[in-house]
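The exercises below are meant to be worked with the sequence and the model side by side. Try each task before reading its solution.

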Amino acid sequence: MTFLDRQQRTTPRRVVLAVLCLATLTISLATTAINVSLPSLAVELDANNRDLQWIVDAYNLLFATFVLAFGSLSDRYGRKGALVLGLIVFGGGAIGASFATSSTQLIGWQAIMGLGAAFVYPTTLSILSNIFTERSDKAKAIGIWGATTGIGVACGPILGGWLLESFWWGSVFLALSTAAAVAVIAALLFVETSRDPSTPRIDYGGLVLSVLAVGTLVYTVIEAPEHGWLSTVTLGGFAVSVGLFAGLVFWERRRSEPMIDVTLFTNMRFTAASASVTFAYFALFGFIFLITQYFQLVRGFGPLETGVKFIPVATSIAVGSILGTMLAVRFGNKVVVSGGLVLFTVAFLWISTLSETTSYFEIACQMIPLGLGLGLTSAPATEAIMGAVPVNKAGIGSAMNDATREVGGTLGVAVIGSVYASLYASGLADSDSVKQLPSQVESAVSESVGSARIAAEQLGAAGDVQGAQSVSDAAGSAFLDGLAAGSYVAAAVTLVGAVVAAAFLPSRPARSNSDRHRGEEVGAR
């Protein structure tokens, strides 16, 4: 027996959980840390708005596209190996990204990081499910894991802002690669390997169809704002993705050893919980997309100051995640998850009232129900999802949870971003001060609030102080109109999610914990 084997056999479960949370935190930080760097990237890499969009979306696209396939492979070949491999790929991509000299290179390295994340994320949750087998223990562990996930997403701007003001934009990626290296060492020392003992044959058809179906859907969502939601290209993309998902279901139902047990979707505990995660991350990513621009471009805060202002939402996510799973075990998933989505709705209705003079104290108060809403929704819903799949299939179960989260987040940015952009453009189109600008400048100003701020600065430098103030005021007003509309959309989505959870999510598993793998539920409505 080697030293590593002896070490792993005596490792307390809480130490393994800490290692898994470190890996999860690393991946979660990468989701949003780059956002505060976008203004710098526009200058340093001469990146236009299209380039900036793909710098962010390349990571999400590859992550969502391959997470189902990689979750299945980790069940078969070993979860520890998948975790270590994913962290190495992610860390290598981060090192490459830190030294990118063009937006194209950075997009490519971001894609590699997303590929690594697709291995890491489902593996952490599947390992957790295999070492915490009792429902109460598993719920607490998933609560901590969920808190780590939410904190990582919310604290990404803090990390990015601090590094950007202290060093250069590439230091954000170097920090992520360092965290990945530490996680690799910790995983090698403390995580035991596990796999599906039945070692089913690889479902190549399921692997390929899942990659094509999810990839087509996410790519179509990302591109929809560019082509138009009702354009032939977008509608065609959605039609192809629906066909691929139908083909995946047809294929898997005919397999004796399918990659995905599609009958899980007849289990309301699984399906309603998955929908709840999608609704929650739709709202969260849409919020981060808008509020980051609000802080930096409307209020004029620096990257670090912007990041620090996310502390209330990060803290409340942590509290909500841990509290949510504890409450779910006691009172049931239905009440907790639907209540969390109602809190989300209240938060977005409040956020819609933001103005250029809103105090930070009020904004912090708005973030608290939002963070609590995410914690109360996501962690208990994840516990419900993992309780509906067999332990030996934890990898694919976790991957399906991750896929719904990524699709929801990507859809949130695309839809809320489109609503915001439409209201912003129409607001500036009615502005007399913008109409007086040269056509080329007017076009740039109408494209984004960042471009409007640059144009205002240039007008001020040229001596037209009044014109600069008029453009700045018009852009700020148009942005706030778009933010309000986007907040209403998010509130409507989370309200629908609350109704779905209340109507269809069973309160508790129907059977004892030893029978949970069968995933049979009672309505408990």
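**Exercise 1.** Is aspartate 137 buried, partly exposed or exposed, and what is its relative accessible area?

*Solution.* The model is a predicted one, in which local features need pLDDT of at least 70 and side-chain atom pairs count only at pLDDT 80 or more, while totals for chains, interfaces and linings use all residues. Residues are numbered from 1 along each chain as its sequence is written, and side-chain values use heavy atoms, with hydrogens and water left out. Buried means under 20% relative accessible area, exposed means over 50%, and partly exposed lies in between (1.4 Å probe, protein chains only). With a relative accessible area of 28%, aspartate 137 is partly exposed.

**Exercise 2.** Find the partner of aspartate 137 in a salt bridge, and state which helices the pair ties together.

*Solution.* A salt bridge requires a side-chain nitrogen of Lys or Arg within 4 Å of a carboxyl oxygen of Asp or Glu. Aspartate 137 meets this with arginine 13, their closest N and O atoms being 3.8 Å apart. Because aspartate 137 lies in helix 7 (residues 135-166) and arginine 13 in helix 2 (residues 13-32), the pair ties together parts that are 124 residues apart in sequence. Helices here are DSSP runs (H or I, at least four residues), numbered from the N terminus. Arginine 13 is partly exposed as well, at 39% relative accessibility, and a search of the whole structure finds 1 salt bridge.

**Exercise 3.** Describe the lining of the second largest pocket, giving the residues closest to its centre and the division into residue classes.

*Solution.* A pocket is, on a 1 Å grid over the protein atoms alone, an open set of points where a 1.4 Å probe fits, with protein on both sides within 12 Å along at least five of seven lines, and lining residues have an atom within 4 Å of a point. The second largest pocket has a volume of about 460 Å³, a volume being the space filled by probe spheres set on the points. Of its 20 lining residues, Leu68, Phe245, Phe265, Met400 and Thr404 are the closest to the centre. Helix 11 gives the most to this lining, with 6 residues. The lining divides into 15 nonpolar, 5 polar and no charged residues.

**Exercise 4.** Where is serine 210 placed, and which residues does it contact beyond its neighbours within four places in sequence?

*Solution.* Serine 210 is in helix 9 and, at 0% relative accessibility, counts as buried. Taking contact as heavy atoms within 4.5 Å, and leaving aside neighbours within four places in sequence, serine 210 touches Thr65, Leu68, Ala69, Gly215, Leu248 and Met259.

Technical notes: Helices (H or I, at least four residues) and strands (E, at least two) are DSSP runs, numbered from the N terminus. Ala, Val, Leu, Ile, Met, Phe, Trp, Tyr, Cys and Pro count as nonpolar, Asp, Glu, Lys and Arg as charged, and the others, Gly among them, as polar.
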